[in-house]
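Me: I'm new to reading protein structures. Could you walk me through this one, feature by feature?

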Amino acid sequence: MNEGKVGRPYEYSDALVFWLLTAMTLFNSDYRCAVGFFGPVLRYMGVRVPSYTRFLERCHALAEEHLLEDGCDVKRRYGDGVLSVYVSPYVTDRVRRVGVDSSGLSLSCPNRWRGRKWKGGTKDRGWLRFHVLSDLDTGEILAYAVSDESVGDAPLLRLLVGMAAEGGHRFEKIYADGAYSSDRNWIYLTRENGYEFVTSFKVNTRPVSNGCLARGLAAGFWCNTPYKVWTEATGYHFRWKSGPGSAISRRSSRRP
């Protein structure tokens, strides 16, 4: 396929890539095992087989083509920083209490065995962020998004809530920490969709509406109530169940 084209890599057919993917699924193997196991068999039959890395690249390329054809390109729809999204198909008639949280996923491979074997330190390759909308009573993940570290928490709240609602999930109360308490989120959740939003505020917050009456009332209650009383009255102490950062969220958004 690359005859007469200097420097151009050999192009493998889509049919071969789909065949390897099918075999990989049937035998519950990964990309490397699929090429390593079926490669010799196909080469014996006279079929040229891609390397592991080339096979992985072709799979990613086919996936992107499929998403673009279906109009579901993640980056085009949700922004450049969002890499993957998911909505649970398990819908119930129960009205849920949900929480939003996020946690970082290291790309630096901090594995002690690698450092011991190869006598090398860990290189900083950046982070991914895992944003989760979950049911506080059952622990079910209703929706999640994976983004790069350039994406903040606040915009992802609207994305997760919107995706879950479009997927048929019903909820009336949403818990989140102070990172999600932007004015835009208050307007979207309470004024535009009628949800009850429970979130902490900064220590220097003023009891003003900023375009949303519910935000003004909540900020006033926050400013005039001791923290312990506020958590019991609002149910905010349940928020630690909301996502992957539960151990951190117990200590976040505290004030005297």
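Me: Okay, so is Asp183 buried, exposed or partly exposed?

Reply: Its relative accessibility is 31%, so Asp183 counts as partly exposed. You'll find Asp183 in helix H7, which covers residues 183–192.

Me: Which residues does Asp183 touch, leaving out those up to four places away in sequence?

Reply: Asn210 and Arg215. Take Arg215: it sits 32 residues from Asp183 in sequence, but the C-alpha atoms of the two are 7.7 Å apart in space.

Me: And the rest of H7, which residues there are buried?

Reply: Asn185, Trp186, Ile187, Tyr188, Leu189 and Thr190. The buried residues of H7 pack against H6, E5, E6 and H8. Just after the helix comes Gly194, with a positive phi of about 75 degrees.

Me: How many of the residues of H6 are buried?

Reply: 10 of the 14, so H6 is mostly covered by the 20% cut-off for burial. Among them are Asp153, Leu156, Leu160 and Met163. After H6 comes Gly168, which has a positive phi near 100 degrees.

Me: Now strands. What does E5 look like in terms of burial?

Reply: E5 runs over residues 171–176, and five of its six residues are buried, so the strand is largely enclosed by the rest of the structure.

Me: Which strands does E5 pair with?

Reply: One is E2 (residues 96–106), paired with E5 in the parallel sense over four bridges. The other is E6, also parallel to E5 and joined to it by four bridges.

Me: What about a residue in a loop? Where does Ser200 lie?

Reply: In the loop between strand E6 (196–199) and helix H8 (213–223). With 0% relative accessibility, Ser200 counts as buried, because the cut-off is under 20%.

Me: Which partners does the side chain of Ser200 reach?

Reply: One is the backbone nitrogen of Gly178, at 3.1 Å. Another is the side chain of Tyr236, joined to that of Ser200 by a polar contact of 3.4 Å.

Me: Last one: how do I judge where to trust the picture?

Reply: Where pLDDT is low, the predicted coordinates should not be read in detail. Here the chain averages a pLDDT of 79, and 76% of the residues score at least 70. Over residues 245–256 the pLDDT is below 50, although this stretch has 24 contacts in the model beyond near neighbours in sequence.

Conventions
Residues are numbered from 1 along each chain as its sequence is written. This is a predicted model: local features need pLDDT of at least 70, side-chain atom pairs count only at pLDDT 80 or more; totals for chains, interfaces and linings use all residues. Side-chain values use heavy atoms; hydrogens and water are left out. Helices (H or I, at least four residues) and strands (E, at least two) are DSSP runs, numbered from the N terminus. Buried means under 20% relative accessible area, exposed over 50%, partly exposed in between (1.4 Å probe, protein chains only). Contact means heavy atoms within 4.5 Å. pLDDT is the predictor's confidence in each residue, from 0 to 100. A polar contact is a pair of N or O atoms within 3.5 Å; within protein, one must be able to donate a hydrogen and the other to accept it, and residues adjacent in sequence count only if both atoms are side-chain atoms. Two strands pair if DSSP finds at least two bridges between them.
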